[in-house]
Amino acid sequence: NVVILTGGTKKWNIKDIERNTTNIYTLEGENLIRQATFGRQLLSDPRTLTTFVNYAATIYPSDKYALVFWDHGGGPVWGYGVDGMAKPEKNSLFVPELKAALANSALAQKKAEFIGFDACLMATVETAQQLQDFAKYMVASEEVEPGFGWDWRWLRTLSENTDKDALISLKETVDRFVAFCEENSSWLFGDFDGTLSVTDLRKIDD
């Protein structure tokens with residue numbers, strides 16, 4: 001089950017996404033089905049993330065969860081995301097705020113298989129240290145990512161064998177991304193080398 005939180009922008013290229021409100025959708029086939037709306041909440045507010053994770057865990061109780069962030073990334077300096085509705089001084093989620101949001105969520109009781117960042121510059125030891133209590137693995141890029149982001153066909157591969165070891169699936173996700181960058185490098189960046197890593201958060205203290 002794919003559950004999506006949208007917000008933080010004044011304009012969407014996908015016509016099915018409501019503007020000026022924060023919404024939760026599920027992906028059913030190729031269609032987005034709106035499940036809930038929360039009015040005009042900021043995605044740069046940790047409480048919005050907490051609400052989303054708890055809502056998703058409630059409507060889809062599962063043995064395995066994953067949480068993936070998509071937007072801009074600035075690592076431990078600027079944090080994650082840019083909320084176009086927020087004032088510039090508070091338009092992103094700093095890494096300690098990510099930790100605070102997840103500490104109040106269902107992932108504090110049941111770790112996700114992984115937390116991913118389809119965003120630039122989030123694969124740092126500081127980010128990993130802050131998230132280690134909420135997931136087994138972190139998937140993120142040490143460097144900048146291209147605008148087209150991850151090759152999201154990995155979701156289909158993941159859904160076809162949910163019993164597969166998470167680490168094997170995540171390595172495949174990384175390989176897909178690197179290959180995707182090589183295939184599409186001339187599209188935007190010229191010669192672009194994709195960078196993505198899997199970090200075992202259970203070993204981060206060492």
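Predicted model: local features only at pLDDT ≥ 70, side-chain atom pairs only at ≥ 80, totals over all residues.
## Order of secondary-structure elements

In total, the chain contains six helices and seven strands.

## Overall dimensions

The C-alpha trace spans about 40 × 40 × 40 Å along its principal axes. A compact globule of 206 residues would have a radius of gyration near 17 Å, and the 16 Å of the chain therefore agrees with that expectation.

Of the 206 residues, 43% count as buried. Among contacts between residues at least 6 apart in sequence, 58% join residues at least 24 apart.

In soluble globular proteins, nonpolar side chains tend to be buried together. The largest nonpolar core here comprises 32 residues, of which L102, I115 and F117 touch the most other members. At least two residues of this core come from each of α1 (46–59), β4 (66–70), α3 (95–103), β5 (112–118), α4 (125–131) and β6 (135–140). The most is given by α1, with five residues.

When neighbours within four places in sequence are set aside, the contacts of L102 are L49, V53, L67, L107, A108, I115, L131 and F134. Another core, of 11 residues, lies apart from the largest one; A166, F177, C181 and L196 are among its members.

The model has one cavity of 30 Å³ or more, and the volume of the largest cavity is about 40 Å³. Its lining is formed by G7, G8, T9, N20, T21, T22, R40, Q41 and M85. By residue class, this lining divides into seven polar, one charged and one nonpolar.

Technical notes: Residues numbered from 1 in each chain as written. Heavy atoms only, no water. 1 Å grid on protein atoms, 1.4 Å probe; cavity = no way out; pocket = protein on both sides within 12 Å on 5 of 7 lines; lining within 4 Å. Points joined across faces, edges and corners; volume = space filled by probe spheres on them. Nonpolar A, V, L, I, M, F, W, Y, C, P; charged D, E, K, R; others polar. Core = buried A, V, L, I, M, F, W, Y, C linked by side-chain atoms within 4.5 Å. Buried < 20%, exposed > 50% of the residue type's maximum accessible area, 1.4 Å probe, protein only. Helix = DSSP H or I, 4+ residues; strand = E, 2+ residues; numbered from the N terminus. Contact = heavy atoms within 4.5 Å. Rg over C-alpha atoms; globule rule 2.2 N^0.38 Å.
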